[in-house]
Amino acid sequence: MEAYICSCCGMNLKADGDLLRCDYCGATYEKDDGEKAAAKLRGVLDEAKLELLANRKRVLWSAAHERYPSRDKVVDAAKDVLSIDDSDLLALIYLHSHDRDPMKLNQILASAEATESQAAEVCRWLLPSLSPRMVGPLHDFVDRHFSNQRRIELTTQLETEAARVSEGIYEPSLPREAFLCYSSADMPKVVRTMDSLERNGFSCFAAFRNLRHGKGAQEDYLSSIKTAMRACDALVFFSSSNSRSMDCDAMRVELPYLIQELPEKPRIEYLLEDYGDVPYMVRKTLKKAFPSQ
């Protein structure tokens, strides 16, 4: 029989009746799926690369299944796999689940076509670290890849986790340590810093996550922003050429409110890039907001 490779962990599959089974991770495949995967791999990889890919997938699988997985080890192992096969679904999921770009993971979930074994591994990895912005895309992913009892089980688990992470998520008056003041053009850097702060125990308010964006939400936008600023212990201003513009709400609304209504509120200017020339009104606002600069 021709050798087929497990899409989850890179080990060889063995025939088990009408199925192909991986003894290492327990994944099972219909023979048609195994043949399609093998044909795809033969088309893009030569024999040496296939062996290297299998080894790297084994390293990634082991890193992701440690009792307390190391983020850096998982990311590095995922990058190693993607350097050979840039379309590997699980490697993409492992890499982007750390949300450097808040939209990338959602895009991957929305377009992914996975075997049931792969889909189960995606859910196993993502559910314990579920974020509010991931709930909808992961729910659709479960609906597309599972049926009957398994779909019910995963949907129930997903909804339980979603309720846990969403408790108070849209309540601007909830006390938090940091109000994040930023330009949406700097979103990847904002998300990366926010995740780092929260991994270290600091709760954050960020409009893109903690304010509703549906119909009618904009009516309460300014009121909610001001409520959140009052409720947070400190303000963090992500300072860049994007946020240092009078077209940005951070400069036009949030810093003036801080100066006028919350003069004693602790604040930090977090530089995303060095200063260039700024208009007089911007310079005036920044000098009032951060007088020690």
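User: What does the secondary structure come to?
Analyst: The protein has 13 helices and seven strands, taken as DSSP runs (helices are H or I with at least four residues, strands E with at least two) and numbered from the N terminus. This is a predicted model, where local features need pLDDT of at least 70, side-chain atom pairs count only at pLDDT 80 or more, and totals for chains, interfaces and linings use all residues. Residues are numbered from 1 along each chain as its sequence is written, and side-chain values use heavy atoms, with hydrogens and water left out.

User: Which residues touch the most other members in the largest nonpolar core?
Analyst: Ile-93, Tyr-94, Leu-109, Leu-126, Leu-138 and Phe-141 do, in a core of 49 residues. A nonpolar core is a set of buried Ala, Val, Leu, Ile, Met, Phe, Trp, Tyr and Cys residues joined through side-chain atoms within 4.5 Å; buried means under 20% relative accessible area, with a 1.4 Å probe and protein chains only.

User: Which helix gives the most to this core?
Analyst: Helix 4, with seven residues.

User: And what is Ile-93 in contact with?
Analyst: Leaving aside neighbours within four places in sequence, Ile-93 is in contact (heavy atoms within 4.5 Å) with Leu-105, Ile-108, Leu-109, Val-122, Trp-125 and Leu-126.

User: Switching topic: which residues of helix 11 are buried?
Analyst: Tyr-221, Ser-224, Ile-225, Ala-228, Met-229 and Ala-231. They line one face of helix 11, because they fall within an arc of 165° seen down its axis, going by directions from the axis to the C-beta atoms.

User: What do they pack against?
Analyst: Strands 4, 5 and 6, plus helix 10 and helix 12.

Note on methods:
Buried means under 20% relative accessible area, exposed over 50%, partly exposed in between (1.4 Å probe, protein chains only).
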